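Please look through the model below. My notes follow as numbered points.

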Amino acid sequence: EAMCEEIVATSGILDKFIGDCIMALWNVPARLQGHQGAACRAALGMQASMMKLSGKWESESLPEVRFRTGINTASVLVGNYGCDYRISYTALGDGVNLASRLEASNKAFGTVVMVSESTKDGAEAEFEFRMLGRILVP
């Protein structure tokens, strides 16, 4: 619930839950000025919320939960996709795949939030970023 609240509070939309992942979108269905910064604010807010929850869960002897975030800004196909049995409003394309690769790459870099250069370019007036390296995406 706390993670979803951070997404909605920054004008994002919850796309879906995929295993232990949450897919969210900004700048759709209507344009959102500063959407790159909004996504970054959501990621940081989600990390802060998780820290609070982790402290609570630790006091209840529950296992630690951590998560990583990948954010990419790209032109993708957005709309209702599916078949006769199931339709879902979602985003498709290489830009979505890159966000997923960024999320997974956090583990190798020891980070929890990783953004693409296109996201950095749109949010650098609001946030500080550092170059971690280059990721080869097949």
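1. Salt bridges come to seven, counting a side-chain nitrogen of Lys or Arg within 4 Å of a carboxyl oxygen of Asp or Glu. Side chains of opposite charge can pair when their charged atoms come close. This is a predicted model: local features need pLDDT of at least 70, side-chain atom pairs need pLDDT 80 or more, and totals for chains, interfaces and linings use all residues. Residues are numbered from 1 along each chain as its sequence is written, and side-chain values use heavy atoms, without hydrogens and water.

2. K120 pairs with E124 at 3.2 Å, N to O. A salt-bridge network links K120, D121 and E124. K120 has a relative accessible area of 25%, so it is partly exposed; E124, at 44%, is also partly exposed. The classes are buried under 20% relative accessible area, exposed over 50%, and partly exposed in between (1.4 Å probe, protein chains only).

3. Two further salt bridges deserve a look. E60 and K56 have their closest N and O atoms 3.2 Å apart. E60 is partly exposed at 42%, and K56 is partly exposed at 44%. For R66 and E64, the closest N and O atoms are 3.6 Å apart. Here R66 is exposed at 70%, and E64 is exposed at 62%.

4. Which residues of helix α1 are buried? In α1 (residues 2-9), they are M3, C4 and I7. They cover an arc of only 95° around the axis, so they lie on the same side of α1. That arc is taken from the directions from the helix axis to the C-beta atoms. An α-helix has 3.6 residues a turn, so residues three or four places apart point the same way. The cover over the buried residues of α1 includes β1 (13-18), β2 and α2. Helices (H or I, at least four residues) and strands (E, at least two) are DSSP runs, numbered from the N terminus.

5. Contact means heavy atoms within 4.5 Å. L32 sits in the loop between β2 (21-25) and α2 (35-59). At 21% relative accessibility, L32 is partly exposed.

6. β4 (residues 77-82) and β5 (residues 87-92) pair antiparallel over six bridges; pairing requires at least two DSSP bridges. A hairpin of four residues joins β4 to β5. V78 stands opposite A91 in β5.
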